[in-house]
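Here are some exercises to work through with the structure open beside you. Try each task yourself before you read its solution.

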Amino acid sequence: MLRNIWTTLADGQPIQHKEPGQLIYLQETRAECFYYIISGTVKCYISSPEGEERILTLPHAGELIGEAAFFDQQPRMSSAMAVTKCELVAVDRQRLERVFATHPGLAIAMLEDLARRVRLLSGHVDGEFLQADKRIARHLLALIPEADGRLRCTHEEIGSSVGVSRVTVSRVLGEFDRRGWVQTGYKLLRLLDRPALERFLRDE
């Protein structure tokens with residue numbers, strides 16, 4: 001199991017197995033728990049009454065999903081589905097309270113993570129008014145790098161999250177690479193100059 005700050009939530013708990021395309025939770029349902037992803041990739045998305053779908057995020061192993069609705073006790077605003085084979089652990093309120101009692105610092109970390117998610121998802125709203133390169137810049141700035149500085153995402157995932165094609169993502173990232181803001185390569189994306197990207201996003 002990938003060890004990180006959230007692994008304590010999963011220690012000793014039963015593991016759920018999901019096949020690609022299998023639903024994890026459904027939009028508008030009550031959130032009795034949230035989930036820690038042990039392995040695999042999940043698609044979090046919203047559906048319109050007309051059946052249209054918009055991908056919000058594509059969380060990977062080591063991340064949490066579904067915690068916002070769990071905390072505010074309102075119906076879920078999105079659905080989650082396994083993209084690959086996944087292993088997950090459900091965390092209910094009783095389990096969370098036990099973990100917080102022994103690891104109180106985890107509560108602050110979870111608040112920080114939730115705040116980051118709110119910032120990322122709010123970008124989906126006002127980001128519709130931004131041109132493609134600025135949407136991509138905003139998305140990159142919202143991601144949390146790995147320990148080696150890599151950003152764990154593919155061009156397809158970025159495109160799905162910001163509403164542009166993979167070809168557009170590749171073109172924009174190529175330009176960012178030429179400017180020295182990011183480093184791209186085979187299965188590689190690393191943010192090199194965060195201040196430059198932030199300035200680019202602010203400039204009219």
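For counting charges, Lys and Arg are positive and Asp and Glu are negative, while His and the chain ends are left out. A charge is placed at NZ of Lys, CZ of Arg, CG of Asp or CD of Glu. Before starting, please note that this is a predicted model, in which local features need pLDDT of at least 70, side-chain atom pairs count only at pLDDT 80 or more, and totals for chains, interfaces and linings use all residues. Residues are numbered from 1 along each chain as its sequence is written, and side-chain values use heavy atoms, without hydrogens and water.

**Exercise 1. Charges and surface**

Task: Find how many positive and negative side chains the protein chain has, and how far apart the centres of the two sets lie.

Solution: Step 1, count: there are 27 positive and 28 negative side chains. Step 2, locate the centres: those of the two sets are 3 Å apart.

**Exercise 2. The overall build**

Task: Say how many helices and strands the protein chain has, and why it is as compact as a globular protein of that length.

Solution: Step 1, list the elements: helices (DSSP runs of H or I, at least four residues) and strands (runs of E, at least two) are numbered from the N terminus, and the protein chain has eight helices and ten strands. Step 2, compare with the rule: the radius of gyration is 17 Å, close to the 17 Å that the globule rule gives for 204 residues, so the protein chain is as compact as a globular protein of that length. Here the radius is taken over C-alpha atoms, and the rule is 2.2 Å times the number of residues to the power 0.38. Step 3, look along the principal axes: the C-alpha trace spans about 50 × 40 × 30 Å. Step 4, check the contacts (heavy atoms within 4.5 Å): of those with a separation of 6 or more, 68% join residues 24 or more positions apart.

**Exercise 3. Buried or exposed?**

Task: Decide whether V42, G159 and T102 are buried or exposed.

Solution: Step 1, V42 sits in strand β4, residues 42-47. Its relative accessibility is 0%, so V42 is buried. Among the residues it contacts beyond four places in sequence are I24, I37, L58, M81 and C86. Step 2, G159 belongs to helix α6, residues 155-162, and is buried because its relative accessibility is 3%. Outside four places in sequence, G159 touches V164 and V169. Step 3, T102 is part of helix α3, residues 93-102, and its 56% relative accessibility makes it exposed.

**Exercise 4. Residues in loops**

Task: Find where E28, Q73 and P75 lie.

Solution: Step 1, E28 is in the loop between β2 (23-25) and β3 (34-39). E28 is not a glycine, yet has a positive phi of about 75°; at 57% relative accessibility it is exposed. Step 2, Q73 lies in the loop between α2 (67-72) and β7 (79-82). Q73 also is not a glycine and has a positive phi, of about 60°; its relative accessibility of 47% makes it partly exposed. Step 3, P75 lies in the loop between α2 and β7 and is partly exposed at 40%. Not counting residues up to four places away in sequence, P75 touches E28, T29 and A69.

Key. Buried means under 20% relative accessible area, exposed over 50%, partly exposed in between (1.4 Å probe, protein chains only).
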